[in-house]
Amino acid sequence: MKYWFNIGTGQVEEDEETARKDNLLGPYATRAEAEHALEHARENTERWDEEDRREREEDWSD
């Protein structure tokens with residue numbers, strides 16, 4: 001079974017419960033992973049922002 005985090009409601013939904021996928025993060029293998037979806041998204045965004053910053057610095061140093 002797949003789980004999704006609905007960013008509109010803040011609730012975890014199971015695959016059969018979802019109608020629209022545009023407000024969802026996932027799929028996740030477990031309910032626990034879906035419950036922490038926003039935390040993981042924030043961590044990924046911070047990591048990607050740092051990678052972008054490093055790339056820009058490298059471009060300026062060339």
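Colleague: Where does Asp52 sit in the secondary structure?

Modeller: Asp52 lies in helix α2, which spans residues 37–61; helices are DSSP runs of H or I with at least four residues, strands are E runs of at least two, and both are numbered from the N terminus. This is a predicted model in which local features need pLDDT of at least 70 and side-chain atom pairs count only at pLDDT 80 or more, whereas totals for chains, interfaces and linings use all residues. Residues are numbered from 1 along each chain as its sequence is written, and side-chain values use heavy atoms, with hydrogens and water left out.

Colleague: Is Asp52 buried, exposed or partly exposed?

Modeller: Buried means under 20% relative accessible area, exposed over 50%, and partly exposed in between (1.4 Å probe, protein chains only). Asp52, with a relative accessible area of 37%, is therefore partly exposed. Ser61, which is also found in helix α2, has a relative accessible area of 58% and so counts as exposed. The C-alpha atom of Ser61 is separated by 47 Å from that of Glu13, 48 residues apart from it along the chain.

Colleague: Which residues form the negative surface patch?

Modeller: A patch joins like charges within 9 Å, using residues with over 30% relative accessible area and no salt bridge; Asp and Glu count as negative, and the place of the charge is CG of Asp or CD of Glu. Here the patch consists of Glu39, Glu43, Glu46, Asp49, Glu51, Asp52, Glu55, Glu58 and Asp59.

Colleague: How many salt bridges does the whole structure contain?

Modeller: The search finds four, a salt bridge being a side-chain nitrogen of Lys or Arg within 4 Å of a carboxyl oxygen of Asp or Glu. One of them links the side chains of Glu50 and Arg53, at 2.3 Å from N to O, and the two residues are three apart in helix α2, so that about one helical turn separates them. Glu50 also meets Arg54 in a salt bridge, at 3.3 Å from N to O; this pair is four residues apart in helix α2 and therefore again separated by about one helical turn.

Colleague: Turning to the strands, which residues lie on each side of strand β1?

Modeller: In a regular strand the side chains alternate between the two faces of the sheet. In β1 (residues 3–6), Tyr3 and Phe5 lie on one side and Trp4 and Asn6 on the other, and all are buried, leaving both faces covered.

Colleague: How many bridges join β1 to β2?

Modeller: Two strands pair if DSSP finds at least two bridges between them. Four bridges join β1 to the antiparallel strand β2 (residues 11–14), and Phe5 stands opposite Val12 there. β1 also pairs with β3 in the antiparallel sense, over three bridges, with Leu25 as the bridge partner of Phe5.

Colleague: Where do the backbone angles need attention?

Modeller: Most residues other than glycine have a negative phi, and most peptide bonds are trans. In the hairpin of β1 and β2, which has four residues between the strands, Gly10 in the turn has a positive phi of about 75°. The peptide bond from Gly26 to Pro27 is cis, with omega near 15°, and Pro27 belongs to strand β3 (residues 24–28).

Conventions
Patch = residues over 30% accessible without salt bridge, like charges linked within 9 Å, V, L, I, M, F, W, Y side chains within 5 Å. Areas by Shrake-Rupley, 256 points an atom, 1.4 Å probe, with all protein chains shown as cover.
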